Amino acid sequence: NCGHGSKDKKTNVQKNLKLVAKKMRVKSENLILMHQTHSNKVIEVKKINFKKKIYADAMITKMRGVSLGVLTADCVPIILYDFKNKIVGCIHAGWKGAFKDIIQNTIHKIKKKSLNSKIYASVGPCIGLKSYEVDIKFYTKFISKNSKNKIYFLHKSKLKKLFNLRKFVNDKLKECKVEVDHVNYDTFTENNKFFSFRRSCKLKQKDYGRCISTIGMLN
């Protein structure tokens, strides 16, 4: 569990984050996390701001020797690498952020650095289609924005649909001409591997942990 927002012992979370930093071969203070709010805000991490608290749902950087981290517990973690310009990034894409164009905003910010880019994305473990039950109000919100969004939903009952968040995110990346691969696990069903907000709610647990996905460029 790498989430300070959980009720886990702070010392345990800190220990886990130190372990992640070690795996990523960076100093623990150079493992950079965001204060995530399901927004569409993207921040570029530079020497002047990387020690400050970052309020955003995506980060990009050209800095070496730092590792960018995104915390999730059903939402989609996306890690990015612009091969040509040596830029890395990460995105926290829950349905709200994805709906508000967090993915397009992040790719646009990378491409603003250089039009000649070659961006790769890895889409990490997130809640799967069969686990993601939503109501008609949720469905209507997406259809109202674009009727083509119907392809991301399956009928479950008169009042319920199933939502394919992974495909929705994948298609947004593809539209931005990003090459995508998938770490295709369902956080909800794979309870031995991943934390899940929805599973914790269903089991009436008082708290849930956070998974971490990270990317960085070595010095």
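The model is predicted: local features need pLDDT of at least 70, side-chain atom pairs count only at pLDDT 80 or more, and totals for chains, interfaces and linings use all residues. Residues are numbered from 1 along each chain as its sequence is written, and side-chain values use heavy atoms, with hydrogens and water left out.

**Overall build**
- The protein chain has six helices and twelve strands. These are DSSP runs numbered from the N terminus (helices H or I, at least four residues; strands E, at least two).
- A compact globule of 219 residues would have a radius of gyration near 17 Å, and the protein chain agrees with 17 Å. The radius is taken over C-alpha atoms, and the globule rule is 2.2 Å times the number of residues to the power 0.38.
- Buried residues make up 50% of the 219 residues. Buried means under 20% relative accessible area, exposed over 50%, and partly exposed in between (1.4 Å probe, protein chains only).

**Helix α1**
- Helix α1 (residues 10-23) has 14 residues and reaches 20 Å from its first C-alpha to its last, close to the 20 Å expected at 1.5 Å a residue. The expected span is 1.5 Å times one less than the number of residues.
- Val13, Leu17, Val20 and Ala21 are buried in α1. They fall within an arc of 100 degrees seen down the axis, so they line one face of the helix. The arc is that of the directions from the helix axis to the C-beta atoms.
- The face turned away from the buried side carries the exposed residues Thr11, Lys15, Leu19, Lys22 and Lys23.
- Cover for the buried residues of α1 includes β1 (31-32) and β12 (211-216). Contact means heavy atoms within 4.5 Å.
- Arg25 follows α1 and has a positive phi, near 60 degrees.

**Helix α3**
- In α3, the buried residues are Ile102, Ile103, Thr106, Ile107 and Ile110. They cover an arc of only 130 degrees around the axis, which puts them on the same side of α3.

**Nonpolar cores**
- The largest nonpolar core has 37 residues; Ile78, Leu80, Ile103, Phe163, Val169 and Leu173 touch the most other members. Such a core is a set of buried Ala, Val, Leu, Ile, Met, Phe, Trp, Tyr and Cys residues joined through side-chain atoms within 4.5 Å.
- Beyond its neighbours within four places in sequence, Ile78 is in contact with residues including Ile103, Val169 and Leu173.
- A second, separate core of 15 residues includes Met34, Met59, Leu68 and Ile215.
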